Amino acid sequence: MSDLNTDTEKILVIGIGNCGRHDDGLGWKFTELIANHGKGKVDTEFRYQLQVEDSVLVSKYDTVIFADASHSKLKQGFEIHRCKPAAHYFYSSHMQTPESILYLAKELYNKIPKSFVVAIKGHIWGLGTTLSRVAEKNLEKAVMSFERDFFKIASR
């Protein structure tokens, strides 16, 4: 991501998951790799779960990327798609979706950053700190695609 122009755009990558539960750590690992490749040009945060308070955080950025492991069957092993605000937030402080965080940022702070979800297919969810081989391959493909295509996707 050496071509990031953060003089004009503040970018945040939020890794969601739990690196102590095998492939549930995919969002964190993706975020770590993007931070290393971005050489300080993106801000990063790591979350076990999104919470209502994250709406103030995302309201301070122009672009936000939510990275998380997925149980869904994803054709390429990962998926990158636009994220839009949705009025389905939960009154519990846990279990917020990226869409609900954007909705709250819009309602509370009148700010809607350009947002994307990076979903990476995981396979093993029990206790443990290593990623499965399949998840590692999906992660590698997701990082390569993100670094190669992110600005094409973002400009749509």
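In strand β5, F116 is the bridge partner of I65. This pairing belongs to a predicted model, in which local features need pLDDT of at least 70, side-chain atom pairs count only at pLDDT 80 or more, and totals for chains, interfaces and linings use all residues. Residues are numbered from 1 along each chain as its sequence is written, and side-chain values use heavy atoms, with hydrogens and water left out.

Strands of a sheet pair through backbone hydrogen bonds, in either a parallel or an antiparallel way. Here two strands are taken to pair if DSSP finds at least two bridges between them. The sheet is open and has five strands in the order β2-β1-β3-β5-β4, with mixed pairing. At its edges lie β2 (43-47) and β4 (78-82), each of which pairs on one side only. From one strand to the next, the twist averages 20 degrees, the axes being lines fitted to C-alpha atoms and the angles running from 0 to 180 degrees between N-to-C directions.

Along the sequence, the elements follow the pattern β-α-β-α-β-β-α-β-α, giving four helices and five strands. Helices (H or I, at least four residues) and strands (E, at least two) are DSSP runs, numbered from the N terminus. Of the 156 residues in the chain, 46% are buried; buried means under 20% relative accessible area, exposed means over 50%, and partly exposed lies in between (1.4 Å probe, protein chains only). The chain exposes about 8400 Å², of which carbon and sulfur atoms supply 51%; these areas come from the Shrake-Rupley method with a 1.4 Å probe, and for residues only the protein chains shown count as cover. Among contacts (heavy atoms within 4.5 Å) between residues at least 6 apart in sequence, 76% join residues at least 24 apart.

L50, in the loop between β2 and α2 (54-58), is buried, with a relative accessible area of 2%. K84, by contrast, sits in the loop between β4 and α3 (98-109) and is exposed at 53% relative accessible area. Not counting residues up to four places away in sequence, K84 touches E99 and L102. The C-alpha atoms of K84 and S115 are separated by 7.0 Å, although the residues are 31 apart along the chain.

Charged side chains complete the picture. Side chains of opposite charge can pair when their charged atoms come close. A search of the whole structure finds four salt bridges, each a side-chain nitrogen of Lys or Arg within 4 Å of a carboxyl oxygen of Asp or Glu. One of them joins E9 and K114 (3.9 Å, N to O). This pair links distant parts of the chain, with E9 in the segment before β1 (11-16) and K114 in strand β5, 105 residues apart. E9 is buried at 18% relative accessible area, whereas K114 is partly exposed at 31%.

Another salt bridge brings K29 and E32 together (3.1 Å, N to O). Because they are three residues apart in helix α1 (residues 26-38), K29 and E32 are separated by about one helical turn. Both ends are partly exposed, K29 with 31% and E32 with 35% relative accessible area. R47 and E45 also meet in a salt bridge (3.0 Å, N to O), and salt bridges that share partners join E45, R47 and D54 into one network.
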